Structures are given as C-alpha cells and as structure tokens.
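Please read these notes beside the model.

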Amino acid sequence: MLAISLDLLAHRYKRCCSRVQTGRPDYTRHPHTVFIPQLCSSRFFHTSYVTSGPIVPFKLSDIGEGIMEVTVKEWYVKEGDKVSQFDSICEVQSDKASVTITSRYDGVIKKLYYEVDATALVGTPLVDIETEPGLEVAHEEDVVETPAMSNDEHTHQEIKGHKTQATPAVRRLAMENNIKLSEVVGTGRDGRILKEDILNFLAKQTGAILPPTPFHEIQPPPPAVSAPSSASMPKMKPSPSVPLPVISRPVFTGKDSTEPLKGFHKAMVKTMTAALKIPHFGYKDEVDLTRLVQLRKELKGLSEGRGVKLSYMPFFIKAASLGLLHFPILNASVDEAVQNITYKASHNIGLAMDTSQGLLVPNVKNVQLLSVFEIAVELNRMQILGATGQLGTADLTGGTFTLSNIGSIGGTYAKPVILPPEVAIGALGKIQVLPRFNSRDEVVKAHVMNVSWSADHRIIDGATMARFSNLWRDYLENPASMVLDLK
C-alpha cells in the first residue's frame, strides 16, 4: 500500500484547479503521488453558470362568440411553477361559458397578472413564462381548452373526466361544420385536435376524399365567362360626380345638471325600495263595462247638477270595497317580521294620482260607509288639492288598498307595485271599444277594460286573488247587482 503525502496531495489539488490537465502526472518528480482524476475533473465545472431564457408574455386569446372580457375564476399555477405545453394555466368565466386556458410553452411561471375574480381583457397578458434558453418562440395562437359548460350545442367540448384541447381556429372550423369536438379523435400532442382531424372527420361523414393539399390552400378562381365584345356594348357616358353638400353641424352648449332627491321623490325611493322585498303575484283579466257605460251616461247629468263630476272611478272603488267584505285578507297588512296579519276594519282605498309633484296616493276613508256619489265628492276634492299641491298628511296616510287608474294616460295592462304595508293593488287600463260575442253568439260592440292585480304572495294565494277579481268584475259588468250589497 502506498502512503499518500498530504502536502503533495494539496499541491496536486492546487495544480489541477489552476489549469486543465491534459495527461497523466509526472511520477518521476513525485513517485509517491497518486493521481486522483475524479478530484480534478470535478473542479473543471465549478465556474460554469446557467443562462436564463427569454420571458414571454402569455396573452389571453380570442375565445370566440364576440367575448371581449372574462373573469378569472381559478389559477392552477403560481409564480415559480414549471409548466409544459398544454398544461392548465387558469379557468376563466365569460357570460356564456367556463373556459380552461392551457400553456403553449415549456418554462417557468414568472408573473401572474390578475387576481381571482379580476376581469381580464382579450389580448392582454395573463402570465409571464420564462422559456428555455435558445428556444425560438413562435407566435401562434394560444391554446384554449374548450368550454366545460356552454349554452351552444356546438361548444359541448368536454367529456366527463376528459377535456378537449383545440385552438380557437379549430373550434371555429368545427362549429361552422356542425361538428362536436367531443366526437373527434385528436392526433396532436396529448390528444390535441388539429385542423386535419376536423377535415378527416368531416370526410368520413360525407364520404368525400380529401386532396393532399394544405388546409389554407388558395383555390384557383373559376374560369372567366366570355364577355361580349366592347363593340357590341353600348357606350355609356360617365355621369358627372356630384359634390356632397356641406352641412354645418350645430354647436350644442347644454350641460348636465344634478340635484338631490327630496320631498315626495325621496319618499317614493324609500317606499319602492321596501316594496322590492315583497314577492308579487300577478293576475290579469278583462271587464266588459258596456252596461256601466250606459249607467254612467244616465247619472252623469244628475251628478253634474249637484256640482260633482262623475267618472268611472267611484264605481270601481265601491265595487272593490264590496269585494273586500268577502275577502278581508286583501284589506290587511303584515308586520316586518311577517309573523302577524292585521285585518283592517276600514276600507281606506287609495287612488294613484299623477301630479306636478310626482306620484301621490291619497285615499278615500271608510269607503264601506259611502255611496257612489259620496265617493265622487271625495275624489273631486282630492283631485283639486292634488293639482294645487295641497294634499295633506291625513289624505296621504292610512291606506289599506290601492287602485291605479293608469288607463287615464294610456295603456292596457300594467305591473303595479304594492304600496307597503298594504298587500294588494290593482291597475286599470283604458276603456276600449272592441268586438265581442253576446249570449246569442252575435258580434256586438263592447266597452272593454283590462285590469292587472298584484298581491303579496307571502299571505295571499292565487285562487284568492282570482276569486276577488271575479267578484269585482261581476259588480261592474252588472252594476245593478251592487244594489243588493249596498249598506
């Protein structure tokens, strides 16, 4: 066994680290030295370094269907992660589908541009990827996995447990030819579907034989049809060009104005906001007012002789009060916790009025005790006060049921909004003269009005609203029947 001198070993260690050894050592100078090539060769790479590859911004490509922005729902990578081609980067959500974005490069994620739930625009970078050094980056379409969920039949691209990979151009080609990508076998890397796969699938369906030409081959133009000679064509004189008239644009000097909500407008915001918490049930019907029109014509002169204008509203209001006697739940209210129902003894029926101050709803108190003429007197009084802006708190509070005469302005049907704490409201359309069949199947002229009801569906069911509407309609279609229930 040879004894290795430590000082000689250190000397040789220094020599092999200072320069490259090309041969074996001279044993004549140091006969007791053992050459250790592993020690020297391991030091030859001590000064080597790793070069960084180019950093490529990975942009969100056009995912089709006119989508310009998406919401980032989930990241599958983080900064520092290594990715390969077709690895999932993130999932984005548009207004039509959920789409998984996959990588086009091999490399390392250097930067994420968006947080979860942030909005990303098409064409902007999603991530920065550091690719391998010396690798030439090709500018081609970003790879987008097809939507996992979509409303379009042709975008059902995902089979359970498997996602189809294809570029937007391939997806567009499949959609144009009514092909589901889930039925196409991809021959690209990791099962990626290529354009040739779509063409082959289409050829199998149609029985056509594909020519060995590339997909983007420019087809030659069709042979030109021989045109008649210029001698046989009549010579047309070119029409003189007419200059376009110069129009001077008006200068607009108006400015936007902002003012705070106040008064009745502010109260309306508060009331309608509370009404949004009520689940509305709607019910609509039509009423034949032919007999009522004749009755009002007979009573109009008598009422005007007493100094009162008689409209149709007093009849509508009185008929509603008679109906509430049979269906008192429509003349009730509920507390904010919807734990208790309060049945109102008075029929304080409101009338929605369009005034210069906005929408006001004064109410006629104790309609159950008033005649049609007395109701008309109250309506005349409130209309005068409303036109002059003098309606008081007593007239505007305490209502239990409301009718809106939207037909005085126009329209047939409406969707009235309940006025809390009330539980029901009706909207009356305009009276129209329409053809209808009578009891003898004869076409006659009828005065028809449409009515739209809304009820608080938490305490009022549809059958109750329908029965009340039927009774109210019967009173108006046969106004003489109201006499039987008048008190």
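**Notes on the predicted model**

1. In this predicted model, residues 27-49 keep a pLDDT under 50, and the model gives them 20 contacts beyond four places in sequence. Here pLDDT is the predictor's confidence in each residue, from 0 to 100, and contact means heavy atoms within 4.5 Å. The chain average is 79, and 74% of the residues score at least 70.

2. On conventions: residues are numbered from 1 along each chain as its sequence is written, and side-chain values use heavy atoms, with hydrogens and water left out. As the model is predicted, local features need pLDDT of at least 70 and side-chain atom pairs count only at pLDDT 80 or more, while totals for chains, interfaces and linings use all residues.

3. Helix 7 (residues 313-326) and helix 8 (residues 372-387) cross at roughly 120°, their axes coming within 9 Å. Helices (H or I, at least four residues) and strands (E, at least two) are DSSP runs numbered from the N terminus. Axes are lines fitted to C-alpha atoms, for helices over the stretch in contact, and angles run from 0 to 180 degrees between N-to-C directions. Helix 7 is therefore oblique to helix 8; angles under 35 degrees count as roughly parallel, over 145 as roughly antiparallel, 65 to 115 as roughly perpendicular and the rest as oblique. The crossing is right-handed, meaning that the near helix is turned clockwise from the far one by less than a right angle.

4. Helix 7 contributes Met 313, Pro 314, Phe 315, Ile 317 and Lys 318 to this contact, and helix 8 contributes Val 372, Ile 375, Ala 376 and Leu 379. By class, the contact of helix 7 with helix 8 has eight nonpolar residues, no polar and one charged. Ala, Val, Leu, Ile, Met, Phe, Trp, Tyr, Cys and Pro count as nonpolar, Asp, Glu, Lys and Arg as charged, and the others, Gly among them, as polar.

5. Helix 7 also packs on helix 10 (residues 462-477), at an angle of about 135° and with the axes 9 Å apart. These two helices are therefore oblique to each other, and the crossing is right-handed. Residues of the contact include Phe 315, Phe 316 and Leu 322 of helix 7, and Phe 468, Trp 472 and Tyr 475 of helix 10. The contact of helix 7 with helix 10 divides into 11 nonpolar, two polar and no charged residues.

6. Which residues does Phe 281 contact, leaving aside neighbours within four places in sequence? They are Trp 453, Ser 454, Ala 455, His 457, Gly 462 and Met 465. Phe 281 belongs to strand 14 (residues 280-288). Its C-alpha atom is separated by 5.3 Å from that of Ser 454, 173 residues apart along the chain.

7. Two backbone details deserve a look. Most residues other than glycine have a negative phi, and most peptide bonds are trans. Asp 117, not a glycine, has a positive phi of about 75°, and lies in the loop between strand 6 (107-112) and strand 7 (119-121). The peptide bond from Pro 420 to Pro 421 is cis, with omega near 5°; Pro 421 is in the loop between strand 20 and strand 21 (424-437).
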